[in-house]
Structures are given as structure tokens and as C-alpha cells.
Amino acid sequence: MQEREYNFKDIEKKWQKIWAEEDIFTVKKDSSKKKYYVLEMFPYPSGYLHMGHVRVYCIGDIIANYMRMQGYNVIHPMGYDAFGLPAENAAIKNKIHPAEWTYSNIDHARGQFKKLGISYDWTREIATCDESYYKWNQWFFIKFFEKGLAYRKNSAVNWCDDCKTVLANEQVHDGKCWRCENPVTQRDLSQWFFKTTAYSQELLDGHEEINWPERVLIMQKNWIGRSTGVTILFKEAKTGEEIPVFTTRPDTIFGATYVVLASEHTMVEKIKAMVDAKKKAEIERFQDKCKKIDKTVETMLNLEKEGVDTGVHAINPVNGNKVPIYIGNYVLMDYGTGAIMAVPTHDSRDFAFAKKYNLPMILVIQPKDKKLKPEDMKDAYEDEGVLVNSGKFNGIANLEAIEKIADWMESKGFGKKSVNYKLKDWLISRQRYWGTPIPAIYCDKCGIVMEKEENLPVILPKDIEFTGSGNPLETSKSFLKTKCPKCGGEARRETDTMDTFVDSSWYFVRYCDPKNDKACIDREIAKREMPVDQYVGGPEHACMHLIYARFFTKVMRDLGILPYGEPFKKLLTQGMVIKDGNKMSKSKGNTVSPDDIVDKYGADTVRAFMLFASPPDKDLEWSDKGVEGCFRFLNRIWRLVDKFSASYSKNTDSAKLELTPDIKELRGELHRSVKAVTTDIGERMQFNTAIARMMELVNAVYKVNEEELATDAGKAVLSEIFGKLVPMLAPFVPHIAEEMWEMLGYSEMIVTHQWPEYIEELCAKNEIEIVFQVNGKIRSKANVPAGIPKDEMEKTALADERIKEFIKDNKVLKVVVVPGKLVNIVVK
């Protein structure tokens, strides 16, 4: 029989056409099957997909395919995070509407996904820029507003002058805009916020319900930043006005020698009214300087601490000491109370500040093994010790004193035990066009009024000028002017649009009911299909998208929409694709187009390489040679199946035949492979080792003498191998697997075939390979019975002819035996 060529182009087109025509991946309602919802983070259609994108979708697809073959009713949708600034920038640059640019990119991305053979249910496709989608963003906004979770306030915000928009703290990296990398400054603007802080503790507690990587949970815990302490009431010395200060170290209160306020603290304005013109001008110059500093964690940690003496004092409530009030550039208004007490002897940051401005120091914790003096200290003492200079608490261990002093201050009315969080409310206002219009209306008579729900969506207008300066919505007269929903009078619309993270905070819900125009999701469908069982995406989203999605889900639960409070049961965070030493990205100019590689080697080769080259959670180094190696592997399998397909039998039972030792070992290798691959995919999610295991199995087949394979026993075992190996390959390389399955005589599609099973008794290995070393260097190897005792391993090594040559007349000092693995002979 003439050998068939592996014509991947024809094969892939053929099966993609069949899958589409037969709706293989469209989810059918089937109560007899358990649902399994697998989802990858959807892409932003800012251009064509590159290999950095492809990796995450290949990972999600193998999970979807595997679970489908395990008998689950798999939900695996795709959509597009389609709003955002790049589309608006493209509109300005290319003089086209953002929608035209976005939908063109979506069309191309869809084609790329289909070309890769990703098993998406395309009936559920969404794009967040569709009116049918962002209508529900606006509906959520109204519901949040009604519950007090959406509010408007004046706030110092991060401003990108190049993008002409506000940025959340999470969108500022090293003082620069995360998109354009231009410097970020501070501005005072009236902005809309979502009250994420209302769910701070729930966001922490929910970690117990989900199976996520520990590093992501730690990142979220740090971002939410729960701290317990005391809010202490200092008072301004002359007016007696209270200045609440939060501290986690009430044991050091007697050592507080100054107070520092955030530059935008309300007390600062009152202080300016109390001081002379010269001091007021000095304070205002410092405030202006602080406005130019972005308030991100990275910036604040590395900031040189500066301050200005207000000339005004506060009273320390525990000892009556008068302490100076400073304004500092390192104190955040939106953490704690916006004011801190400073204890320079026991806080390094306060120590440096006190030294810089020659401020007093009082020691209140002495170590047990030595005696400190403030004038001799080179830095703060931050370890444990015994309280001194602390009134009635002298002599108590400082850790013990924390609770005692907190209780005492509460009883005296000096303070109150409290919990604080670093998490801030979510600033969602953006001064751009290509986003969801905020459905707020401003009426001179009625104030802020929400649009009526029956009038949603508030549609983005078309009469827009994209100049690159300011908010384009301000240029639309048809959009700005409207009627008040409450009184019917003249009113104007809000021109800010929503942060695009709003779009991605609930898209996974909409996938389950994308055509519903009466609700964001039917409650019965939500019960049946949600939550997401397996989510796949990058760890860089830990403190933005993944927190926002969890917040949104909890609010949707409280609105009665969802029956649960966590959106994603399991999370797999994939590593980056690296090329030329850098993360693959358009900005670096080091991207590789999947279209080019698919045209040259086929989609299955691309998929195999992306899954084989590295564990999914580690970075993957792009390698042209690696791609070629995967292509050769697929060709080896193809030739093997093609060669023996004529003798394939579906019903042959290998167990009933007498097998030669080699054929028997080959059958054992098959069942060990099925067990290993099943574990690697289903439990460990180590897809690279699963592929490596199948490569080893193919190698094992090639090692067996063809004459033995041509016997009845050989043919029977080969049939058993093909009947299990080809289905195992299917989640990874579905096109070639379908074609080989058809070659073997099957009419049913392999993507719906049952996952192969293994026989545990056959997984035990009769022989193992052990390594023999001399002074740590491998000198020989041998196959020995599995379970061989240590003394027998030593005897076998010393009797090995090659080992004898290396030892010769040298004295054997010791023999190290690692059971089942190696023997190392140490000689002099």
C-alpha cells in the first residue's frame, strides 16, 4: 500500500469544516451530563493575535477537549474585550471610527481561532462594544447606584496627559501610564467610583472557597491589605479639633513625637486658615509638589520622604505632650485616616524623617539584652522588648502591651479598636469615547438622576470629532443634551465612560445567556452553567481583573442574579512567551504570527509546541527548532498509523494472546502511558510531560522488531496502542487525530470519543533502568528487575564490565545506592 503523505493543510481544513457543519462544539442542554465550564481570559482586539496570545487558548482548549472526552457537557466560549483606548487612538491616527477598526480586528481574530482548531462554541460569541452587551453595564451601574455602591466625589486622581484620561492606581507602573508609558501626574476631578471597599473582608474570606495559585492569593491579600489596630484621637492644640490617626502599633503610642498628614487632608485647609501668609504659601507649594506624585504602591515605597512643618501642634492623648503637625508626601489620604502618628525610635521611616527635620525622639521599647539611648541610635529599634517611658505600662512586654493599651485607650475614650484595608474604591470614570457611557444625567433641579431602565442602552453617538485632545463625547451635541427622567426638564448627560475593566468583570456570566435582551442572564441558566470551573489567564491580572470580577460576582449574588459569590473555582496562570530575551509583544517588535507558522507547519504543530515546550505556568522560550521537532513528531505518528492501519482491529483482545517479552513490555508501556497522561492532564495540568510521555510510547513502538509487530500478538497490541494513543493525542492535536481515527475505520468523531482507560495491573514495570556512576560520573547503565533490593543493585554495579574498567586497581571508599535509580561508586 502506498504511503499517505501528512498533508496538514487539507486535513485541517477538512475537519474544521466538519466540526462547524455538525456544530460539534455547540453546547446542548443535557441533564444526563455534568457541566464543565472552561474559560480563557478573552483578548483585546487591538490587532492580530500573536504566539503570546495563542498559548493561553491552546491551554484552555486541551482542558476543554479532555473534559469533553471524560463525558462532561463542556462550556467553552469566546468573545472580545472590545472597548478601550487603543481603538480610539487608531481612530485618531487612521481617521476611521473605533468600531470599524475594532470589528475588523475581531473578524481576523475569529479566523485565527478557527484556523487553530480551538473548540469554541461560536453561538455564544460576544463583543463588549456591542450595544446588547454594554446595555447591561449601564443596568449594573444603576443597580450599584441604588445600593450605594456607585458614587461620585472629587478626588485627586492619576492623570495621563498623553491619553487624556484618568488611570486607576493599578494602571500606573513606575510612575508611568500602563499603556503609553508617559509620566502620570495628579489632578483633582469629580469622578465616579464603585465601592469595592464594601466587600474588603469578603474578598479575603472568599479565598477559602477557591483553588488558585498561592502567589495570586498572596498578591490579592497584600493588595487588600487588612490590618488591625486602633484609631487614636489626637487633638489640635488650640481648637481641640480631633485628628484621628490609625496605627497597628498602639504599644508605641507613648513614643509618638509628631503627626503627619496627607497633603489633601481636610485638616490642612483648616491649618492654612490658622497660619500666617508666609507659612500658608509654603504649605501650598508643598501641596502642589505632592500633586505631581502618582500614588501607586511602587512609587510610594521608593519615594524620598519629604515634609513641611505646619507650625501647628497636636496633643498626644496618652501623655498630654504637644507634638508638631507635619504634612508629608508619603502619607496616603485613602488609607486609614490620611494621618499617621510618628514614633521615630521604633520605625525606620519615621527615624529617617525625624533625623532629616531634627524632630524629638522618645524611646519606649528597650531590648532585654542591652540598653538603648535615643542619642546613640543609628536606626530605629523594631524588634521585641519591654516598655519604658510608657506610664502604667512600663515593664510589660511590648507584644503583650498591644492589646492592653488598646483596651485602656478605648476605656478612656482616646481611641477605638478598628480594622483598616489598603484596598481602595474602584475609580471607573474615563475621559474617552470608546467605552460604556455612564447612564447618569445632571439636572439643575433634580441633581444627579439615573437614566430610566427602559431607555437603556445609552448609545454612543456617531457625531464625534476625534482630535486627540480631551473627551470626544464633549463634542457631540446630540449626546450632551437630554431630558431629565424625573422632571422632564433640560438636562445633560455624563460624558465620562466606564473603565474597560467593568466590561471584563462579568463577561463570563453573559456567555451563558448571550442573546437574552430581558436580563443579563436567566437565573435558571446561571444555576445550571455557572460558576466557571477552570479559568486560564495571566498572573499580572491578580490585582485588577481578578479582584474586580470577584467583587462584581458578590454584588450580583446580593442582587439575586447569581447563586454563588465566587466566579472562578480553579485558576491556572500561564507563563509568558519569550523571544530574544523579552516577553513577546507588539511594542517590543518580537512577535511571531501564528498565521505564518500554521501555513508552514500546520495548526497541530503550533498547538503541540505551545503545550510541549514548557510547563503551562512557566515562561516558554520561542524556538524555531522546537517547532520543527514537534512537526517531526507528528509525522512519525502519522507514518506509524498509516503503515499499520490496514491490520488494525477494533475488537482484538491482547489479553487472550500469548505475548513475547518485547510485546508484553510494549503493552505495559501503553497502559503506563495512559495512566501518566491521564494524571498529567486531569490532575497535574502538566501538558508538556503528557506529550513527552506519548513521545516515549511512540519511540517504544519503533524500537520493537517489525517482525514481532507483524505477528497476531503484535498486531493485537498495536491495535490496542492506536485505540488509546490516538484519543490521547486528540485534545492536543485534534485535526491529525481525527484523520488517523478515520484511517483506523471509525465513523464517530474522536473529539466526542470516550477518554481511554488503563489496566492498573499492567502499569507495574517488570524492569527498570538504573545508572551506574564512578565518582559521580555516569559510566554505565543496566536494566534490572523492578523492586530490586539495594544490596543486589550494588552487586550488579560492581559486576558490570564497564564499571570494572573504570575502577581497576583503585580502592573503593564507599558505594551510594539510590533505590530504583542509581549506584555511585566512590574510589580513591
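Modeller: The side chain of Thr310 reaches the backbone nitrogen of Val312 at 3.1 Å, a polar contact (N or O atoms within 3.5 Å, one able to donate a hydrogen and the other to accept it; residues adjacent in sequence count only if both atoms are side-chain atoms). The model is predicted, with local features requiring pLDDT of at least 70 and side-chain atom pairs pLDDT 80 or more, while totals for chains, interfaces and linings use all residues. Residues are numbered from 1 along each chain as its sequence is written, and side-chain values rest on heavy atoms, without hydrogens or water.

Thr310 belongs to strand β13, residues 307-315 (strands are DSSP runs of E, at least two residues; helices are runs of H or I, at least four; both are numbered from the N terminus). Its relative accessible area is 0%, so Thr310 is buried (under 20%; exposed is over 50% and partly exposed lies in between, with a 1.4 Å probe and protein chains only). Neighbours within four places in sequence aside, Thr310 is in contact with Ile271, Val275, Lys279, Ile283, Ile325, Tyr326 and Ile327 (heavy atoms within 4.5 Å).

One of these partners, Ile325, leads on to the nonpolar cores (buried Ala, Val, Leu, Ile, Met, Phe, Trp, Tyr and Cys residues joined through side-chain atoms within 4.5 Å). The largest of them has 183 residues, and those with the most contacts inside it are Ile63, Phe194, Tyr507, Phe508, Phe552, Phe687 and Phe732. Helix α2, residues 51-69, supplies its largest share, twelve residues. Beyond four places in sequence, Phe732 is in contact with Ile62, Arg607, Leu611, Ile681, Phe687, Ala690, Ile691 and Met694. Another core, of 57 residues, lies apart from the largest one and includes Val308, Ile325, Val343 and Leu372.

Aromatic pairs number 55 across the whole structure (ring centres of Phe, Tyr or the six-membered ring of Trp within 6.5 Å; planes under 30 degrees apart are stacked, over 60 edge-to-face, the rest tilted). Phe141 and Phe194 form a tilted pair, with centres 5.9 Å apart and planes at 45 degrees. This pair links distant parts of the chain, 53 residues apart: Phe141 lies in helix α5, residues 131-146, and Phe194 in strand β9, residues 184-194. Phe141 is buried because its relative accessible area is 0%, and Phe194 is likewise buried, at 0%.

Trp408 and Phe414 form an edge-to-face pair, 5.5 Å centre to centre with 80 degrees between the planes. Trp408 counts as buried because its relative accessibility is 15%, whereas Phe414, at 21%, is partly exposed.

Ile402 sits in helix α12, residues 398-412. Its relative accessibility is 24%, so Ile402 counts as partly exposed. Outside four places in sequence, Ile402 touches Pro250 and Asp251. The C-alpha atom of Ile402 is 58 Å from that of Ser119, 283 residues away along the chain.

Over the whole protein there are 27 helices and 34 strands, and the C-alpha atoms fill a box of roughly 105 × 80 × 45 Å along the principal axes. Of the 828 residues, 56% are buried. Among contacts with a separation of 6 or more, 72% join residues 24 or more positions apart.
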